Amino acid sequence: MKRKAVTILGATGSIGVSTLDVLARHPAQFNVFALTAFNNVATLFAQCQQFNPVYAVLVDEVAAEQLRQRLLAVGSATIVLAGKTSLEQVASEARTDYVMAAIMGGAGLLPTLAAAKAGKRVLLANKEALVMSGRLLMDTVAKYGAELLPIDSEHNAIFQCLPNSTAEHAAKNTHSAGRAASVERILLTASGGPFRSWPLEKLAKVTPVQAVAHPKWRMGQKISVDSATLMNKGLEVVEACWLFGVTPAQIEVVVHPQSTIHSMVSYNDGSVMAQMGNPDMRTPIAYALGWPARIQSGVAPLDVIAAGRFDFERPDDKRFPCLRLAMEAHETGGYATIALNAANEIAVAAFLAQTIGFMDIPLLIADVMQSAETGTPDKLDDIIIQDEDSRRAASFWVKKKMH
Ligand code: NAD
Ligand code: MG
């Protein structure tokens with residue numbers, strides 16, 4: 001069988017590096033077509049030397065020129081492109097079969113849409129893209145015969161726990177809401193983050209270093225802060241609604257500190273299917289690359305004796321209001337979720353820069369959400385306008401707070 005050519009958007013990040021680790025185990029099945037990053041010359045250079053992609057893209061023009069010179073000096077045949085539009089170009093290129101969407105935040109929206117429009121298999125880590133464009137991205141997948149496979153560990157677990165035919169409909173978005181009548185509920189697990197048992201008074205004083213120290217997963221900075229506020233779980237509820245055609249009422253968020261169960265599906269006969277494993281993103285990445293087959297990921301098998309026990313508790317939305325805000329946004333409509341995501345990105349950046357406090361994050365988001373349009377956009381221009389407006393409003397909120 002012909003090898004699948006893979007493009008990785010966000011190759012130098014946590015998910016990008018894990019994806020390359022899995023691909024390196026299967027040289028007969030996959031080759032790397034393009035690798036992209038924002039401005040990380042050193043890492044992308046090393047990756048290009050190891051994987052010899054046809055293209056390497058850096059969004060930053062100066063960094064791209066540096067990479068070009070370094071690759072030239074070692075006689076590499078990789079072609080270096082620069083700028084945002086090059087991301088869309090390599091994501092939709094005829095020679096690409098699979099696209100790993102692993103850019104952080106709204107910056108991943110356009111290349112992810114481009115990949116779907118070109119009918120690719122899209123491996124979706126970039127949940128923000130789906131939160132911003134739920135209806136448009138799902139419609140694009142169905143219209144252009146693309147496949148959308150979840151990389152987020154919870155959604156990948158749910159996907160694995162669905163009946164095969166239902167999972168196939170979900171991946172191709174060929175069937176409307178509800179999908180399998182036998183599926184009653186989705187149990188979306190959450191680790192609870194580093195502050196799960198902290199009292200409210202202490203949360204106001206949390207520092208960026210404390211917030212990015214996730215107890216179970218090693219991830220990029222932004223998603224680590226999102227896990228600490230539980231916004232990550234909120235974004236994931238929205239993500240699950242779009243991917244699996246369900247409503248927030250059909251999803252129960254359960255805190256499971258061990259992070260051994262990655263999520264569950266509850267059926268009408270009383271059965272609950274769970275997917276378990278060590279917390280290592282190479283498992284969901286390998287599953288989406290190989291689907292419907294399973295391939296080796298390099299992840300050690302789960303030692304259930306060592307795992308010992310499973311605890312479950314309800315999330316506390318007094319201490320972690322972001323989860324509720326995200327659910328409310330989804331009920332309100334697509335414009336509200338765009339505002340939520342944009343405000344969150346600005347808030348997290350301001351928190352990491354130490355200009356606002358940890359508990360300001362939900363306050364900022366709630367304020368910015370108030371001014372969102374009502375309804376759900378199905379045109380890209382409307383999505384982008386709401387995103388820009390909300391980012392502006394959020395930046396203004398941060399400025400006011402500083403004075
Ligand atoms: P990261 O910060 O480690 O890496 C981000 C990547 O995106 C880097 O390659 C960076 O160069 C690139 N990038 C950043 N800003 C960019 C921009 N403006 N334009 C182009 N490229 C840009 O992030 P990560 O932890 O790998 O997460 C990536 C995505 O995957 C996020 O959407 C996150 O929510 C999702 N995700 C990550 C994990 C995880 O375990 N890390 C798990 C589930 C979902
Ligand atoms: Mg997740």
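## The magnesium site

Let's start at the metal: along the sequence, the residues that donate to the magnesium ion (ligand 2) follow the spacing D-x1-E-x81-E. Please keep in mind that this is a predicted model. The protein donors are D152 (OD), E154 (OE) and E236 (OE), which lie 2.1 Å from the magnesium ion.

Now see where two of these residues sit. D152 belongs to the loop between β7 (147-150) and α7 (153-161), while E236 is part of helix α12 (residues 231-244).

## Two parallel strands

Next, have a look at strand β8 (residues 183-190) and its partner β9: the two run parallel and are joined by 5 bridges. To find one of the pairings, go to L188, whose bridge partner in β9 is V253.

Strand β9 (residues 251-255) is mostly covered, as 4 of its 5 residues are buried.

## A pair of packed helices

Finally, turn to helix α2 (residues 41-51) and helix α3 (residues 61-73). Their axes are 10 Å apart, and the helices pack at an angle of about 35 degrees. The crossing of α2 and α3 is right-handed.

On the α2 side, the contact is made by V41, A42, L44, F45 and C48. From α3 come A63, Q66, L67, R70 and L71.

Definitions and conventions. Residues are numbered from 1 along each chain as its sequence is written. Chains are lettered from A and ligands numbered from 1 in the order in which they are written. This is a predicted model: local features need pLDDT of at least 70, side-chain atom pairs count only at pLDDT 80 or more; totals for chains, interfaces and linings use all residues. Side-chain values use heavy atoms; hydrogens and water are left out. Axes are lines fitted to C-alpha atoms, for helices over the stretch in contact, and angles run from 0 to 180 degrees between N-to-C directions. A crossing is left-handed if the near helix is turned anticlockwise from the far one by less than a right angle, and right-handed if clockwise. Contact means heavy atoms within 4.5 Å. Donors are N, O and S atoms within 2.8 Å of the metal (3.2 Å for Na, K and Ca); water is not among the atoms, so sites may look incomplete. Buried means under 20% relative accessible area, exposed over 50%, partly exposed in between (1.4 Å probe, protein chains only). Two strands pair if DSSP finds at least two bridges between them.
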